Structures are given as structure tokens and as C-alpha cells.
Amino acid sequence: MAKGKDVRVIVILECTSCVRNSVDKVSRGISRYITQKNRHNTPNRFELKKFCPYCYKHTIHGEIKK
């Protein structure tokens with residue numbers, strides 16, 4: 001009775017500006033959040049605007065691969 005794939009999956013969101021800035025200069029870290037998404041409603045990559053403690057501002061956090 002159980003389905004092979006769950007509808008809700010756990011995803012990791014990573015700060016996009018920290019990733020870009022770490023190439024140019026030494027950064028203190030990369031902000032990451034863990035959340036869930038509904039696979040049927042959002043089949044493509046997930047992006048949210050969240051607070052980054054390393055950038056000290058709200059930035060776009062995009063879904064990364066596990």
C-alpha cells in the first residue's frame with residue numbers, strides 16, 4: 001500500500017550570494033536552511049527569500065542537491 005515516492009520531500013536551501021562571494025574572498029560560512037516542499041505543486045527548483053546571518057540581510061536561498 002505504501003507508495004515508492006513521497007509527495008513531500010526534504011530540501012536544503014543555500015544562500016546564493018554567499019556562494020558567489022566565497023569565490024572572490026574568504027567568507028565565514030554559507031547559510032543553509034532545511035525545509036520541505038510538495039513535489040506535485042513545485043516540481044522545479046525551489047527558491048525562498050530568507051535571512052542570511054553571514055551577509056546580515058535577506059537574500060535568495062536556492063535548493064541544492066543532496
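Four strands form an open sheet in the order E2-E1-E4-E3, with antiparallel pairing. Strand E2 (32-38) and strand E3 (47-52) are the edge strands; each has a single partner strand, so one side of each is left without a neighbour in the sheet. From one strand to the next the twist averages 45°. The model described here is a predicted one.

**Overall make-up**

The secondary structure comes to 1 helix and 4 strands. Along the sequence these elements follow the pattern β-α-β-β-β. The protein has 66 residues, of which 26% count as buried. It exposes about 5,400 Å², and carbon and sulfur atoms supply 53% of that area. Among contacts between residues at least 6 apart in sequence, 50% join residues at least 24 apart.

**Strands E1 and E4**

Strand E1 (residues 8-15) and strand E4 (residues 57-64) run antiparallel and are joined by 4 bridges. Ile 12 stands opposite Ile 64 in E4.

Thr 59 also lies in strand E4. What does Thr 59 touch, leaving aside residues up to four places away in sequence? The residues it touches are Cys 15, Ser 17, Leu 48, Lys 49, Lys 50 and Cys 52. Thr 59 has a relative accessible area of 7%, under the 20% cut-off, and therefore counts as buried.

**Tyr 56**

Tyr 56 is found in the loop between E3 and E4. Its phi is near 60°, a positive value in a residue other than glycine. Most residues other than glycine have a negative phi. Is Tyr 56 buried or exposed? Tyr 56 is exposed, with a relative accessible area of 58%.

| Residue | Relative accessible area | Class |
|---|---|---|
| Cys 15 | 0% | buried |
| Thr 59 | 7% | buried |
| Tyr 56 | 58% | exposed |

**Cysteines**

How many disulfides does a search of the whole structure find? The search finds 0 disulfides. For Cys 15, the closest cysteine sulfur is in Cys 18, at 3.7 Å from its own sulfur. A disulfide needs the two sulfur atoms within 2.5 Å, so the sulfur of Cys 18 is too far from that of Cys 15 for a bond. Cys 55 is in no disulfide either; its nearest cysteine sulfur is that of Cys 18, 3.3 Å away. Cys 15 is buried, with a relative accessible area of 0%, and is one of the residues that Thr 59 touches.

How values were computed
Residues numbered from 1 in each chain as written. Predicted model: local features only at pLDDT ≥ 70, side-chain atom pairs only at ≥ 80, totals over all residues. Heavy atoms only, no water. Pairing = 2+ DSSP bridges. Helix = DSSP H or I, 4+ residues; strand = E, 2+ residues; numbered from the N terminus. Axes fitted to C-alpha atoms, helices over the stretch in contact; angles between N-to-C directions. Buried < 20%, exposed > 50% of the residue type's maximum accessible area, 1.4 Å probe, protein only. Contact = heavy atoms within 4.5 Å. Areas by Shrake-Rupley, 256 points an atom, 1.4 Å probe, with all protein chains shown as cover.
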